[in-house]
Amino acid sequence: YADTSLFMENLLAVQEAGATFVTIHARTKAQAYEGRADWDLIATARAALTIPVIGNGDVVSVDAARRLLSHTGCQGVMT
């Protein structure tokens, strides 16, 4: 899939359903592991949710993890 139009709706539904955190890979299925992860999606999730957001995508080093945390404000990183 290449469509992110339901991203916010899905985030809010997961939170309302009682999730204690959410992990976001920040790529579409069509992207797979090509191109760049969209860290702005992680930042959007962080701003919209009250539960912790774990970011993932293009984290290939400690420096990349720091940049992801700085860019998105997410509470954790998955490598």
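**Figure 1. The whole chain.** Of the 79 residues in the protein chain, 34% count as buried (buried is under 20% relative accessible area, exposed is over 50%, and partly exposed is in between, with a 1.4 Å probe and protein chains only). This is a predicted model, with local features needing pLDDT of at least 70 and side-chain atom pairs counting only at pLDDT 80 or more, while totals for chains, interfaces and linings use all residues. Residues are numbered from 1 along each chain as its sequence is written, and side-chain values use heavy atoms, with hydrogens and water left out. The chain has three helices and three strands, and from the N terminus on they run α-β-α-β-α-β. Helices (H or I, at least four residues) and strands (E, at least two) are DSSP runs, numbered from the N terminus. The C-alpha trace spans about 35 × 25 × 15 Å along its principal axes. A compact globule with 79 residues would have a radius of gyration near 12 Å, and the chain has 12 Å, so the two agree; the radius is taken over C-alpha atoms, and the globule rule is 2.2 Å times the number of residues to the power 0.38. As for contacts (heavy atoms within 4.5 Å), 51% of those with a separation of 6 or more are between residues 24 or more positions apart.

**Figure 2. The sheet.** Three strands make an open sheet, ordered S1-S2-S3, and the pairing is parallel. S1 and strand S3 (76-77) sit at the edges with a single partner strand each, so one side of each has no neighbour in the sheet. Two strands pair if DSSP finds at least two bridges between them. Strand S2 (residues 53-55) is joined to S3 by two bridges, and these strands run parallel. Look for isoleucine 54: its bridge partner in S3 is glycine 76. In general, strands of a sheet pair through backbone hydrogen bonds, either parallel or antiparallel.

**Figure 3. Valine 22, in strand S1.** Valine 22 has its place in strand S1, and its relative accessibility is 13%, so it counts as buried. Skip the neighbours within four places in sequence, and valine 22 is in contact with Leu11, Leu49, Ile51, Pro52, Val53 and Ile54. Valine 60 is 38 residues from valine 22 along the chain, and their C-alpha atoms are separated by 20 Å.

**Figure 4. The largest pocket.** This pocket holds about 320 Å³ of space, and 15 residues line it, with Thr4, Phe7, Ile24, Arg27 and Leu41 lying nearest its centre. Helix H1 (7-16) and strand S1 (22-24) are the elements that give two or more residues to the lining. H1 gives the most, with four residues. By type, the lining divides into seven nonpolar, five polar and three charged residues; Ala, Val, Leu, Ile, Met, Phe, Trp, Tyr, Cys and Pro count as nonpolar, Asp, Glu, Lys and Arg as charged, and the others, Gly among them, as polar. On a 1 Å grid over the protein atoms alone, a pocket is an open set of points where a 1.4 Å probe fits, with protein on both sides within 12 Å along at least five of seven lines, and lining residues have an atom within 4 Å of a point. Grid points are joined across faces, edges and corners, and a volume is the space filled by probe spheres set on the points.

**Figure 5. Two loop residues with positive phi.** Alanine 26 is in the loop between S1 and helix H2 (39-48), and aspartate 58 is in the loop between S2 and H3. Phi is near 65° for alanine 26, a positive value in a residue other than glycine, and aspartate 58 also has phi near 65°. Alanine 26 is buried at 4% relative accessibility, whereas aspartate 58 is partly exposed at 23%.

Figure 6. Glycine 57 lies in the loop between S2 and helix H3 (62-72) and is buried, at 2% relative accessibility. Not counting residues up to four places away in sequence, glycine 57 touches His25, Ala37 and Trp39. Valine 77 is 20 residues from glycine 57 in sequence and 9.1 Å away in space, C-alpha to C-alpha. Glycine 73 is in the loop between H3 and S3 and counts as partly exposed, at 35% relative accessibility. With residues up to four places away left out, glycine 73 touches Arg46 and Leu68.
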